[in-house]
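Hi,

Here is the structure I promised to pass on. Have a look at it first, and then read on for what turned up at the contact between the chains.

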Amino acid sequence: MSTRNRTPLYRKYRDALRSVRVPVASSLPSSSSAASSGGRAGPVIEMVSTSLLHPARSYAPLSTEDPSNSSPAHLTVSLPPAWVDLSEEISVNMQHARKKMSDLVKAHEKDLMPSFGDGKEDQHAIEVLTHDITYLLKKSEKQLMKISSSAPSGDSNIRKNVQRSLATDLQNLSMELRKKQSLYLKRLREQKEGQDGFDLNMNMNGNRPTMEDDEFDDIGFSEHQMSQLEKNEAFTREREREIAQVVESVNELAQIMKDLSVLVIDQGTIIDRIDHNIQNVASSVEKGYKELHKVLSLCLRRKNTKKRRNGYVCDSSCHNVLHYAGPPNTKGITLLINTNTNWNKSSGRGRYSVAGLFRGNPCILFFFNDLPCVFTYSLYFIPSFLWN
Amino acid sequence: MVLISLVRDYIGRMLQDIPGMKVLILDSQTVSIVSVAYSQSELLKKEVFLVELVDSMSKETMSHLKAVYFLRPSNENIQKLRRQLANPRFGEYHLFFSNILKITQIQVLADSDEQEVVHQIQEFFADFCAIDPFHFTLNIPMHHIYMLPTVVDPPSSQSFCDRAVDGIAGVFLALKRRPVIRYQRTSDIAKRIAQETAKLMYEQESGLFDFRRTEFSPLLLVIDRRDDPVTPLLNQWTYQAMVHELIGIEDNKVDLRNIGKVSKDQQEVVLSSEQDNFFKANMYENFGDLGMNIKTMVDEFQQVAKSNQNIQTIDDMAKFVDNYPEYRKMQGNVSKHVTMVTEMSRIVDERKLMTVSQTEQELACNGGQAAAFEAVTNLLNNEAISDVDRLRLVMLYALRYEKESPVQLMQLFNKLASCSAKYKPGLVQFLLKQAGVDRRTGDLYGNRDLLNIARNMARGLKGVENVYTQHQPLLFQTMESIIKGRLREVDYPFIGNHFQQGRPQDVVIFIVGGTTYEEARTVALHNASNSGTRFILGGTAVLNSRRFLRDLEEAQAISRKSNAI
């Protein structure tokens, strides 16, 4: 499959055009920079890559006074939101868990091999590893839930998608761990039975068969057999304990899986389609638009009934709603700036504005995406004492 | 796998060299192109955590994300990009276009990129919607324009042709081949598209298309839908074609919301041969066999469900939790197919499609004008038959017996006018004008040359396996001629001084006016038989009878208006 790279040609044009543009920009020194870059003074730390898993990249401080920078009003690169750190942490945890799982497999192998020693260190190691992995997975799951619970903002889609991807990985890890554990369990059980069978054989071979000589049982067991029996019993008890532990961790993991399965996408279903997901976003935005129209039509209807008093405005501001929405503030919320000068004078307020009447109550309309065609919004009722 | 894997490779390459969190921005056409080949979960694996449309007017700045744009190189997209580059929202911009950019477009972009956020611009030629391994479509809107002469609406005709040429060029660039081009002589629009494609490939961008030449050049054959108007009008009985005919498949998605009552999670489903093994095995099976296979699948599933309910030991519980994801997937799949087949059965019963389809197949395949006339008249009189089915029957009759007994044809027209309020007989005449026997090249009914007549007679004597699927689209004969190297040059001339030596091994057939799933099935079954020639089918849209009739109506309305002027 062929492709064509147009980047060299593009760069050539861009450089050529830049040299045409720069003389214009440099003729407006600090006066323009103060106006255009307001609030961007000071060194800006640019995050080239936020991935902790790529240690090669680093944070490079970028000074705004950099003369080689073509545009004086360089884009302020803000730090990524906090949940990105959370997701990084989760990825790191999962990597640790993966490493520990391969260690666990090795420990399982070692324990299952016949050995001279008691094998207690092996079992202890397995216990510790299993406990660590389960703890890591649980912690990751809790952090995963935290990602969504932080304050909702515009990038909720991204957060949801990051959650989904991490949840899928986490679920796969849990399933792998469970498979390995159940395999280990199975082989353990086989061994246990094998051992018992072996012992049974020993009993049958070495001494009188116990079945026919029941009445001689009490006298029959020799010292050797007694100690053997005790050892076996202790051994069996140990194995029982181990199995119980493994089963417990299996159940824990099952719980995690159940929680995660809500987040994970089923492959091949409609939810896994890109166009379906885009449509969902668009339809919720459209619904908001329809609601807005309803509100505005209500405002319009009251145009002749309520006069302008106490800074409440009527239909004119409703029209302004559609055309003049201010730039977003730091929270990403755009406040409507009413361009009706009379009202501004009477209320004396600069930033907030009453957008209209809705069922007789004053209300503020917040806009999250401020453009004439598409908005989402929320209605916020404020108590009247705030309005003097 | 051919077409789908090509698109997947392109998308994979776009995303793999860019580390970190990414946002993918598409336009309304590339959304279809990407959605049929790549799933959301696969995008997440590549760290693409947001997908947006380029029209979206969101002003949120997310400079920790890198933007990957995949757009068609249209002027509207370039303008939208300009605005977005002037106020960049993201940290880095990587632009990929699905077809050839003009130099002016590159200059415009370079001009607006004051902050130098663009890191690369590339052309990745995934400009077609690969719905099946050997079937692609272009989803062109305003589709009916191909039926009208160019003078009626020159700009629309031009954009239609341009899109078709772009799509075909994209396919060949992805395959890395440059074909020999043939077209259907009787169709002006096919000729135009063929000529413009040849100009693009051999003159304008000959450097781009200059691939290693193989022994046998591939063949591009551009034909017109109106040469075979029968196939889109027929009712279908093989799974994929049937779903499209009765319900409608769009980009491998089926929308069941308006059809009867379905449960919430089955309202919109995906029918993709890549992701669904049952569908892959059954998409070309006829309805009867399909029913049996579904029953088998349901029985298997019930077995699994029963064993899942019988949990007694911890072992069983552990096994259940282990197998739960697969169980859930199986359950979803089973309910999807069962819902689909139930809905289709209901529609078949409602519209009495078994009787209607039998007559349709007779009209399409066998002779006997008198019997046909009688059958059609009976069905027209039958109250239970819907208007659209009546219209189709009359159309099929008219296409076949256009010249024989015009009196009876008039009778049918009158009857149709009296029975159906919505449809006017003028539509049938319009169809005859567009696709009547005088306009057709191919031997649609096998009654033109002796060989075909003999073949038909032999088939009739032998009897058919299934009376509902006896129709074979004209495409089948065209394909056979190509394989044997006997495609008549009189009917399908070469462009310019192209020449084909021997028989081609790769053939792309492009049908202007749209393909049907029945034809796609023919192509796929042939390719599966490994005969040495591989066919790829593509068109400007995927038709069912509703769409074809709608195209006819819209074309008729426009031509009436232009005649009045």
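Two strands are taken to pair if DSSP finds at least two bridges between them. Strand β1 (residues 3–5) of chain A and strand β5 (residues 118–124) of chain B meet that definition, pairing in the antiparallel sense over three bridges. Within this pairing, A:Thr3 stands opposite B:Phe124 in β5(B).

Please keep in mind that this is a predicted model. Its scores are ipTM 0.83 and pTM 0.76. For chain B the average pLDDT is 88, and 96% of the residues score at least 70.

Now to the contact as a whole. Chain B brings 74 residues to it and chain A brings 64 residues. Together the two chains bury about 6300 Å², with 57% of that area on carbon and sulfur atoms.

There are polar links too. Between chain B and chain A, 22 residue pairs are in polar contact, counting pairs with both residues at pLDDT 80 or more. The side of chain B that touches chain A gets the most from helix α12 (residues 314–350) of chain B, which gives nine residues. By type, the residues on that side of chain B are 39 nonpolar, 14 polar and 21 charged.

How many salt bridges are there between chain B and chain A? The count is six. One to look up is A:Arg4 with B:Glu205, where the closest N and O atoms are 3.2 Å apart.

Happy browsing, and best wishes

Notes
Residues are numbered from 1 along each chain as its sequence is written. Chains are lettered from A and ligands numbered from 1 in the order in which they are written. This is a predicted model: local features need pLDDT of at least 70, side-chain atom pairs count only at pLDDT 80 or more; totals for chains, interfaces and linings use all residues. Side-chain values use heavy atoms; hydrogens and water are left out. Contact means heavy atoms within 4.5 Å. Buried area is the accessible area (1.4 Å probe) that two parts lose on being put together, summed over both. A salt bridge is a side-chain nitrogen of Lys or Arg within 4 Å of a carboxyl oxygen of Asp or Glu. A polar contact is a pair of N or O atoms within 3.5 Å; within protein, one must be able to donate a hydrogen and the other to accept it, and residues adjacent in sequence count only if both atoms are side-chain atoms. Helices (H or I, at least four residues) and strands (E, at least two) are DSSP runs, numbered from the N terminus. Ala, Val, Leu, Ile, Met, Phe, Trp, Tyr, Cys and Pro count as nonpolar, Asp, Glu, Lys and Arg as charged, and the others, Gly among them, as polar. pLDDT is the predictor's confidence in each residue, from 0 to 100.
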